[in-house]
Amino acid sequence: MIQSQFDQTAREALAAKAVDAKARKDLSWQQIADASGLSVAFTTAAVLGQHPLPEDSAKAVAALLGLDEDDTRLLQAVPVRGSMPNRIPTDPTMYRFHEMLQVYGTTLKALVHEQFGDGIISAINFRLDVKKVADPDGGERAVITLDGKYLPTKPF
C-alpha cells in the first residue's frame, strides 16, 4: 500500500544518511541511478527526499548504500515535497536558481501563456536533465533542460 508522509523530518534524516553512505562508498549519483534503473535527476531527487522510489528501485538503492529495511520503506513513501521551506536559499548554487526565477520568472510566465494559453507547466509530469558543455569562449557551460507537460486551466 502507498504510504504518505505528513512531515519532512524523517526524509531529511534519511537523505543525510544516504548522502553520507554515498560519500563513504565513493559513489556518484549516476551509479546510484544506474542501480535504481531510473534517471539520474529523478533518483537524486528521490534520495534527497523529493520523490518516492518504486519498490524495486528502493530496494536496489538501499542495498547499494547499505540502508536498512525501514529506510527502504521510507524511500517508497510519498514525501512532503519542497527542499527550500519558506525561505530564500543561502547556498550559492540554489540561490542562483532562485535569482534566475526572480529575473526571468515573469518572462517565462508571459511566454508560456502566450504560446500555450492559461495553464501551468507540470512539475509532476516532468523531466530534468543537466549537461556540461564546452563554452566556445572558453570554460564550461551548464545546459539545464526543464521538460514539463503543459496543463491548461479548465473552467468549471
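Predicted model: local features only at pLDDT ≥ 70, side-chain atom pairs only at ≥ 80, totals over all residues.
Colleague: How do I read the packing of two helices, and at what angle do α2 and α3 pack?

Modeller: Two packed helices are described by the angle between their axes and by the distance between those axes. Here, α2 (residues 29–36) and α3 (residues 40–47) pack at about 95°, and their axes are 9 Å apart. Angles of 65 to 115 degrees count as roughly perpendicular, so α2 and α3 are roughly perpendicular to each other.

Colleague: Which residues in α2 and α3 meet?

Modeller: From α2, W29, Q30, I32, A33 and S36 take part, and they meet V40, T43, T44 and V47 of α3. The residues of this contact divide into five nonpolar, four polar and no charged.

Colleague: Let me pick S36. Is S36 buried or exposed?

Modeller: Buried means under 20% relative accessible area. S36 has 6% relative accessibility, so S36 counts as buried. This residue sits in helix α2, and its side chain is joined to that of T43 by a polar contact of 2.8 Å. Leaving aside neighbours within four places in sequence, S36 is in contact with T43, S57 and V61.

Colleague: And D26, is that residue buried or exposed?

Modeller: Exposed means over 50%. At 67% relative accessibility, D26 therefore counts as exposed. You will find D26 in the loop between α1 (9–24) and α2. Look at its backbone too: D26 has a positive phi of about 55°, although it is not a glycine.

Colleague: What caps the N-terminal end of α6, and what follows the helix?

Modeller: The cap is D91, with a side-chain oxygen 3.1 Å from the backbone nitrogen of T93. After α6 comes G117, whose phi is positive, near 105°.

Colleague: One more: among contacts between residues at least 6 apart in sequence, how many join residues at least 24 apart?

Modeller: In this protein, 54% of those contacts do. Happy exploring!

Definitions and conventions. Residues numbered from 1 in each chain as written. Heavy atoms only, no water. Polar contact = N/O pair within 3.5 Å; in protein donor to acceptor, adjacent residues only side chain to side chain. Helix = DSSP H or I, 4+ residues; strand = E, 2+ residues; numbered from the N terminus. Axes fitted to C-alpha atoms, helices over the stretch in contact; angles between N-to-C directions. Parallel < 35°, antiparallel > 145°, perpendicular 65-115°, else oblique. Contact = heavy atoms within 4.5 Å. Nonpolar A, V, L, I, M, F, W, Y, C, P; charged D, E, K, R; others polar. Buried < 20%, exposed > 50% of the residue type's maximum accessible area, 1.4 Å probe, protein only.
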